[in-house]
Amino acid sequence: MWFLWALLSPLTFGVSGFLMKASSARQGSVPHTLWGLYLSGTLGFAVWLAFSGAFRLDAAVLLGGVAVSLGSAAGNWLFMLALQRGPASLTSPLVNTNILLVIAISVAFYGERLSAMEWTGVALLVLAVFLIPIDPDENLSIRDRTWYGLVVTATILFTFRNGGLKVTDEWGLAGESVLFYGYLFSLGWMTVELVRKHPRTPAASARNGLQWGLAAGIFSFAGMQLYAIALIEGPASIVAPLFATNSLVVALLSIHFFRERLSKLQAASLALLIVGLALSRM
């Protein structure tokens, strides 16, 4: 069943990313969007823990939650700053190299072994993820040196989010508990940001951001929970690349709802994704 959960995780998490994009298109405040996302996401994990009885409060779980929080909230924040200083078609593929770090950790430290066919499938999935955001018409020159530091740091932080769940699972920590604290700490961070830096956000922008963010948080919770479940039984060297294809889901939804054009590279990404999925299960 792990492959089914691994397939569903990018679909649901991708909807969350699309709703965040929709918030931006509707001039929703970014801090309010993220606050709403972490609020509904935290509540989602709280309800899950209440029904599953998996709630834990100990130092190891809290430490795992801090790592996930840094990877999620800080990674998203720095990623947005990097997009302000450099082209998206270069920033996004470079940040997505965190997939390679997760695969390397899984193989080097946890002895995961894949067949030649599975490795081919993984390689095609990773290539598909890298090609998704590339725009051949975008200027790729980088004049702001700060961009390089932002990209490297964001990549490492996203590794904490995606790879951190693999590590905590190997330590015998419940993924849902780690994610609950990760989202809770992120919610606290966004609350401080709103109070300190964004108290005078226009009402319409704040309302739009909050509404879209609350909706995005529901799908973010579902996507991350499915990802955590898939990691319990499945190899992270396959699950992580599958999860990263959520960016293709965002692209396809944007094409449909915002009438964005499907580029030749995006079409190639979709083809690579389909072939990679087939090979990773052979």
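**Figure 1. Lining of the second largest cavity in the predicted model**. The second largest cavity is lined by Asn98, Ile99, Val102, Asn162, Ala240, Phe243 and Ala244. Helix 5 (98-110) and helix 10 (236-244) are the elements that give two or more residues to this lining; helices are DSSP runs of H or I with at least four residues, numbered from the N terminus. A cavity is a set of points on a 1 Å grid over the protein atoms alone where a 1.4 Å probe fits but cannot get out, and lining residues have an atom within 4 Å of a point. About 40 Å³ of space lies in the second largest cavity, a volume being the space filled by probe spheres set on grid points joined across faces, edges and corners. By class, its lining has 5 nonpolar, 2 polar and no charged residues (Ala, Val, Leu, Ile, Met, Phe, Trp, Tyr, Cys and Pro count as nonpolar, Asp, Glu, Lys and Arg as charged, and the others, Gly among them, as polar).

**Figure 2. Lining of the largest cavity**. The count of cavities of 30 Å³ or more comes to 2, and the largest has a volume of about 50 Å³. Leu165, Thr168, Asp169, Leu173, Gly175, Ala228, Leu231 and Ile232 line the largest cavity. Two or more residues of this lining come from each of helix 7 (146-170) and helix 9 (203-233). The lining comprises 5 nonpolar, 2 polar and 1 charged residues.

**Figure 3. The second largest pocket**. This pocket has a volume of about 220 Å³; a pocket is an open set of points with protein on both sides within 12 Å along at least five of seven lines. Of its 13 lining residues, Ala67, Phe160, Gly164, Val167 and Trp171 lie nearest its centre. Helix 3 (59-85) and helix 7 each supply at least two residues of the lining, with helix 7 giving the most, 6 residues. The lining divides into 8 nonpolar, 5 polar and no charged residues.

**Figure 4. A nonpolar surface patch that includes Leu11**. Met1, Leu4, Leu8 and Leu11 make a nonpolar patch of about 360 Å². Patch residues have over 30% relative accessible area and no salt bridge, and nonpolar side chains (Val, Leu, Ile, Met, Phe, Trp, Tyr) are joined within 5 Å. Leu11 is found in helix 1 (residues 2-25). Leu11 is partly exposed, with a relative accessible area of 46% (partly exposed lies between buried, under 20%, and exposed, over 50%, with a 1.4 Å probe and protein chains only).

Residues are numbered from 1 along each chain as its sequence is written, and side-chain values use heavy atoms, with hydrogens and water left out. In this predicted model, local features need pLDDT of at least 70 and side-chain atom pairs count only at pLDDT 80 or more, whereas totals for chains, interfaces and linings use all residues.

Notes
Patches are made of residues with over 30% relative accessible area and no salt bridge: like charges are joined within 9 Å, nonpolar side chains (Val, Leu, Ile, Met, Phe, Trp, Tyr) within 5 Å. Accessible areas come from the Shrake-Rupley method with a 1.4 Å probe; for residues, only the protein chains shown count as cover. A salt bridge is a side-chain nitrogen of Lys or Arg within 4 Å of a carboxyl oxygen of Asp or Glu.
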